[in-house]
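Please look through the structure below. Some questions about how its features get their labels follow.

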Protein chains: 2
Amino acid sequence: MYTCNLERLQEKIDTFKKFGDTGTGGITRLSLSPAALMARDEFAKRAKAMGMRLKTDDLANMYATLPGSEELPAIVMGSHVDSVVNGGNYDGILGVLTALEVAETIYTEKIKTRRPITVMIWTNEEGSRFEPAMMCSGVVTGKFDKARALASTDAKGVSFASALDASGFKGDEKNRLNAKDYAGYFELHIEQGPVLEMEKKEIGVVEGVLGMVNYTISVKGVSDHAGTTPQKTRKDALYAASQLIVMLWERLGKLDPELVFTTGKINASPNIHTVIPKLVEFSLDARHRDPKVIDRVVDVIKGLPAELSGCAVRADLNWSRNTVLFNSEYVDAVEKAARDAGYSWRRIYSGAGHDAQYVAEVLLPATMIFVPSVDGHSHCVEEFTPTELCLKGANVMLNAILEIDKR
Amino acid sequence: MYTCNLERLQEKIDTFKKFGDTGTGGITRLSLSPAALMARDEFAKRAKAMGMRLKTDDLANMYATLPGSEELPAIVMGSHVDSVVNGGNYDGILGVLTALEVAETIYTEKIKTRRPITVMIWTNEEGSRFEPAMMCSGVVTGKFDKARALASTDAKGVSFASALDASGFKGDEKNRLNAKDYAGYFELHIEQGPVLEMEKKEIGVVEGVLGMVNYTISVKGVSDHAGTTPQKTRKDALYAASQLIVMLWERLGKLDPELVFTTGKINASPNIHTVIPKLVEFSLDARHRDPKVIDRVVDVIKGLPAELSGCAVRADLNWSRNTVLFNSEYVDAVEKAARDAGYSWRRIYSGAGHDAQYVAEVLLPATMIFVPSVDGHSHCVEEFTPTELCLKGANVMLNAILEIDKR
């Protein structure tokens, strides 16, 4: 079994976290911003030093390729270097740095691969500068219209088209990830949730991205003083919200034993013990592999009363997506690599969306490898994964690739 | 019948609302803050202009007295000038300004009173800067320990003792409100509820302060990831808390039509849409004049399940108080003054706590006069009472005092 190098990986993490360092522990590395371009330059410099062939496509997605010994489609590892505002230094960038470390291990250890090995950077995954999220994998896989993507503007009114032109990383459309030149896709990512850590697993073998809907349910009442307002004249938004949560558990609980749903977040206003709440908002997140079950969840939401206990109720869909299953051969290869290395692992579904899901859905066999997020934190200053665990993830990716390369 | 002056009262309201104006429609005039000290200075200036004798006690409670024609204990009118953060310009301050206007009417119209007439300002009624609320009436009436009050610190770590020393308003303990030098106490206040407005009454003849209990109910579950934890193994603290709130409404709603209860505050932890809540805490506030009904509330709380939907439930009593009845002679005098003036009125209980309740409980005959709160709002930017109604309240206070003064 081959292994990557801890010091080398640490050095990569330390170097790249300077690009977009906010000075307060966080990272702001918006897509195609000066900080993101510095990260791309550093990536290009390191790829060239290993003799990798560099290409960019018309959306500035970057591809750095080590040659293989045979004329075969390449295996790709990739992720993104952009972050949210004041995010952490692991979401996205860790997938690029571990991929680079895997390539460096193959290069340094002179590991023979039949297939070329490509490390790629997706442009604008977060959608924090230009909406929507996963924009460029979306365009490459035909999920999003390119013209609309180019017209998307940032907070300062700069269009994605002009940011692309100014970046120096805009290349040719024919260089896009495609099913002729590439064989399959791996993406290492932090879990962005608490499951691996809670269950003391080092590796998440990602089976797919679960179909889901996410709603904000708002209940509007009237604030009045707790001591003087007769009970029967009250419009108490928290009472109505509590009734709704109980109602949702009853109705959703009947749909399917594998359906999971969560009201994880609740905020009441003004949230003072002597004042009747005038507004309560809570989240509803529901997930199931089968889109038909999700449709029935939507029916339940739509069937909620518009008024309850004098309060106005509305449900706003924040996002939804269908289940994407990853390629079982690739998933098995990841599991085998984790098992062979003696790492603790579990199969898991991704709750968050990733570029890998678009690739898997329409373009190439694909899968992901998760490493634990300390305390489940992500998109914040506290986002962290110990380098030892990042290294184990990189080792799994390296050996899964070598396994796939044999076939 | 004597009447106060609308323009003069309006001028007082307009002048004092500048002290602590947040610039966004609200008032922040924390106890002994620069804004509150400006209000005290303005009060002192106006009292001195009428030749009133000014005193402060060891807690910076202020007393301004017009002489009477006989050597008798004084009649006191008072309230507070401190506000909550981003509160309104009527809670507290209106009781001081109408008292000042009553004194100014007596002074200007040369109304002869047998007894001296005192206008007083209580320090730190809201408890927004230094806990607890009604701190200084509490110390004066022996409800609270003075040493503990002095040790109370604000958000910046400043103690009440050092704020008192720095205020310039700290006086002598012998100046405290007492049963030898004072005969009785009146306090005008906004209702802080919707009852008077709903019933189109101009004056609330306050019979007492309602007994109450205040609990924090904690529900302890287990946090797990929203996407991966099977529904039936979950211990969702927000689901259990919602069931409890619905249960409380059902059980408490049956006890007595005049019982009011409120779950005004709720906090979930970690409060993330992808994580099952592990801890939810909410407040329960219940009020009724009959201690037997409050006892039945306590029985309902004690009868809550210790475990619900896999979560541990506990209820902690934060505070309780018994109903305080105001002096019936004083209450009748207020009612007579309202009736004689031809104002619409109703008898009412105060749901909120006031300095008057401590005075009534242990020190002096006391009562309160309520004026309507538009839309029942209080402790917020929307807090408002038209000056015409404030004036009617002042007129009632003036004539009730003159009635008591005859006896």
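Q: Which residue is the bridge partner of H80(B) in β4(B)?
A: In this predicted model, H80(B) has W122(B) of β4(B) as its bridge partner.

Q: What makes strand β3 of chain B and β4(B) a pair?
A: Two strands pair if DSSP finds at least two bridges between them. Strand β3 (residues 74-80) of chain B and β4(B) have six bridges, so they pair, and the sense is parallel.

Q: How do you know that strand β2 of chain B and β4(B) pair, and in which sense?
A: The cut-off is at least two bridges. Strand β2 (residues 62-66) of chain B and β4(B) share five bridges, so they count as a pair, in the antiparallel sense. In this pairing T65(B) stands opposite T118(B) of β4(B).

Q: Why is the unit made by β3(B), helix α3 of chain B and β4(B) called right-handed?
A: With the strands pointing away from the viewer, a right-handed crossover has a path from the first strand over the helix to the second that runs clockwise. The β-α-β unit of β3(B), helix α3 (residues 93-108) and β4(B) is right-handed, so its path runs clockwise in that view.

Q: Why is β4(B) described as largely enclosed by the rest of the structure?
A: Six of the six residues of β4(B) are buried, so the strand is largely enclosed.

Q: Which residues of β4(B) point one way and which the other?
A: I117(B), V119(B) and I121(B) point one way, T118(B), M120(B) and W122(B) the other way, and all are buried. In a regular strand, side chains alternate between the two faces of the sheet.

Q: Is L32(B) buried or exposed, and how do you know?
A: A residue is buried if 20 or more other C-beta atoms lie within 10 Å of its own. L32(B) has 25, so it is buried. L32(B) lies in the loop between α1 (6-16) and α2 (34-49) of chain B, and its phi is positive, near 60 degrees, although it is not glycine.

Q: Why is N271(B) called partly exposed?
A: Buried needs 20 or more neighbours and exposed 12 or fewer. N271(B) has 17 C-beta neighbours inside 10 Å, so it counts as partly exposed. N271(B) is in the loop between β9 (266-269) and β10 (279-288) of chain B, and it has a positive phi of about 60 degrees without being a glycine.

Q: What makes the peptide bond from E131(A) to P132(A) cis?
A: Omega of the bond from E131(A) to P132(A) is near 0 degrees, and the bond is cis. In chain B, a cis peptide bond joins E131(B) and P132(B), with omega about 0 degrees.

Definitions and conventions:
Residues are numbered from 1 along each chain as its sequence is written. Chains are lettered from A and ligands numbered from 1 in the order in which they are written. This is a predicted model: local features need pLDDT of at least 70, side-chain atom pairs count only at pLDDT 80 or more; totals for chains, interfaces and linings use all residues. Helices (H or I, at least four residues) and strands (E, at least two) are DSSP runs, numbered from the N terminus.
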